[in-house]
Amino acid sequence: MIQAARFKTCTFIACGVLLGASVSHADQPSGLELPAPISASDFRPFDEKRAALGQLLFYDKILSGNRNIACSTCHAVAHGTSDGLSLGIGEGGVGLGPERRVVSGPDHPFKRVPRNATSLFNLGHRSIDIMFHDGRVSADDSYGVGFNSPVEEWLPEGLQSVVAAQALMPVISKVEMAGQTDENELAAAINRRIDQAWPAIVARILAVPEYVDLFMEAYSELSDARDISPVHIANALDDFQNAEWRSFSSPFDAYLAGDESALSDDARAGMALFYGDAGCADCHSGPLLTDQDFHALTLPPLGPGRNRRFEHIARDVGRMSESDLLEDAYRFRTPSLRNVAMTGPWGHNGTFATLEGIVRHHLDPQKSFDEWDRGQVVLTPAPELEFVDFVIWEDSREMPRQRAAQDIVPVALSDAQVGEIVAFLDALTDCDALSGRFGIPVSVPSGLSIDASAEMPELCKP
Ligand code: HEC
Ligand code: HEC
């Protein structure tokens with residue numbers, strides 16, 4: 001194991017957890033501290049009927065204010081359960097992936113989604129206890145409702161996991177799914193109080209007899225349809241996501257299970273660097289290759305950002321927007337690297353168009369920040385939104401702050417070594433996981449159109 005000193009933000013306790021997360025394989029030919037192989041027993045159980053119901057909800061635009069966007073619009077199989085854009089376009093857009101366009105007229109989006117859409121692999125893994133790039137939803141009982149979230153004590157009780165708690169968030173986000181106040185009853189309800197949109201969504205579900213039957217069958221404790229609640233919707237979405245994109249059959253997994261030939265020579269050399277001198281596993285640790293902790297990597301800023309409440313400058317302060325601690329400024333959660341090769345553009349704001357680019361950024365963040373080519377961002381053209389994209393670069397006070405935020409120690413690697421690390425990251429690809437247990441439904445109970453494509457990402461095409 002690499003010395004902990006490389007890891008500037010690592011407290012004594014956090015380091016202990018990190019070390020505990022990896023299993024020493026004395027019999028590993030590599031002699032590296034590799035994670036233990038994942039198996040189905042590492043996942044929370046799910047209910048088959050609820051997962052099947054969750055599949056329909058995930059693909060159904062009925063959950064969005066203007067019935068024009070579903071979870072699947074931004075979390076698309078064709079883009080490795082992300083959307084292929086640096087920053088996405090929520091409701092008020094049409095089309096999928098980099099082809100997504102804005103509509104003109106009253107439903108024109110008022111801003112881009114401020115962060116890159118995360119991929120949704122292995123969300124049922126028992127180690128997962130925090131959601132989002134800034135960790136604003138977590139298993140934490142500060143509000144007496146089981147989870148910490150932006151909704152605070154208004155989160156309903158009975159949510160079965162942090163993933164279920166997360167599922168209630170996109171539907172109350174005006175930019176993602178709800179739309180504007182004067183456009184529909186969900187958005188109007190949010191203006192009264194943020195949690196009021198959920199009963200409005202349940203009212204829509206109750207108006208579709210097929211959904212009512214499916215909820216009654218999936219939740220045998222329900223004796224009256226009027227007892228269907230937002231919690232039932234969220235738990236079904238959790239069961240679906242848990243069941244659907246379990247990923248532990250990449251070449252790396254085969255290697256962990258003992259098949260030495262599963263990795264190419266380059267990938268093995270990259271693995272040795274990743275778990276050795278390059279120090280990657282200091283943060284990308286454990287079976288999901290993440291410590292689920294927060295670090296500043298000095299990414300170039302892009303887009304409208306996410307700030308602390310009542311602060312309206314186009315910057316993304318990362319973990320600080322949730323913790324309000326100055327030392328957390330510009331820190332973002334370490335992402336899981338499983339299937340990372342298929343989820344570009346990379347970084348919390350999608351500022352790197354290649355895997356090699358984001359890997360090189362880690363090696364010398366400030367140089368990369370200074371030399372960053374903004375031409376690589378993948379954004380929907382939208383003249384009304386574009387003025388914000390790079391506006392923060394004009395801010396002579398903010399830019400030095402962002403540039404100075406760096407929790408990672410530069411590492412010098414040769415071009416060949418960078419190539420080896422990328423080969424290792426490629427070996428984390430598990431195309432089978434994308435096909436899912438349920439796949440893409442043919443239709444949804446609302447009868448609305450489905451945003452999805454059966455096409456696989458380029459690197460999964462035969
Ligand atoms: C408009 C695009 C959009 C839509 C629609 C959308 N998401 Fe997301 N999703 C995102 C973005 C962007 C993030 C990352 C946001 C952040 O971290 O601040 C995200 C994050 C997540 C995460 C967190 C994963 C993690 O590892 O932290 C989950 C789970 C998720 N979405 C599920 C859903 C579900 C379920 C729905 C439908 C109810 C949905 N999303 C609808 C864009 C979208
Ligand atoms: C100090 C902790 C730390 C170390 C060490 C580290 N990373 Fe990261 N890595 C992160 C964080 C945090 C992010 C997300 C940063 C952001 O989006 O602002 C990230 C992002 C990434 C991404 C982009 C993932 C995505 O989905 O966009 C890749 C790829 C990656 N790291 C690979 C590596 C490799 C390879 C190494 C070793 C050379 C490494 N990391 C070392 C913390 C670390």
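His75 lies in the loop that runs between α3 (71-74) and β1 (93-94), where helices (H or I, at least four residues) and strands (E, at least two) are DSSP runs numbered from the N terminus. The model is predicted, so that local features need pLDDT of at least 70 and side-chain atom pairs count only at pLDDT 80 or more, while totals for chains, interfaces and linings use all residues. Residues are numbered from 1 along each chain as its sequence is written, chains are lettered from A and ligands numbered from 1 in the order in which they are written, and side-chain values use heavy atoms, with hydrogens and water left out.

**Exercise 1.** Identify the protein donor of the iron atom of ligand 1, and describe the residues that surround ligand 1.

*Solution.* Next, take the surroundings, in which a residue is near a molecule or strand if one of its heavy atoms lies within 4 Å of it; ligand 1 is surrounded by 24 residues, of which Cys71, Cys74, His75, Phe132 and His133 are the closest. This shell divides into 13 nonpolar, seven polar and four charged residues, where Ala, Val, Leu, Ile, Met, Phe, Trp, Tyr, Cys and Pro count as nonpolar, Asp, Glu, Lys and Arg as charged, and the others, Gly among them, as polar. Finally, look for polar contacts, which are pairs of N or O atoms within 3.5 Å (within protein, one must be able to donate a hydrogen and the other to accept it, and residues adjacent in sequence count only if both atoms are side-chain atoms). Oxygen atoms of ligand 1 lie 2.8 Å from a polar side-chain atom of Arg136 and 2.9 Å from an N or O atom in the side chain of Arg333, whereas a polar side-chain atom of Gln166 lies 3.3 Å from a nitrogen atom of ligand 1.

**Exercise 2.** Find the buried residues of helix α8 (residues 209-218), and state how they are arranged around its axis.

*Solution.* The buried residues are Tyr211, Val212, Phe215 and Ala218. They lie on the same side of α8 because they cover an arc of only 140° around the axis, the arc being that of the directions from the helix axis to the C-beta atoms. An α-helix has 3.6 residues a turn, so residues three or four places apart point the same way. To complete the picture, these buried residues pack against α2 (48-59), α7 (197-206) and α9 (230-244), with contact meaning heavy atoms within 4.5 Å.

Methods: Donors = N, O, S within 2.8 Å, 3.2 Å for Na, K, Ca; no water. Buried < 20%, exposed > 50% of the residue type's maximum accessible area, 1.4 Å probe, protein only.
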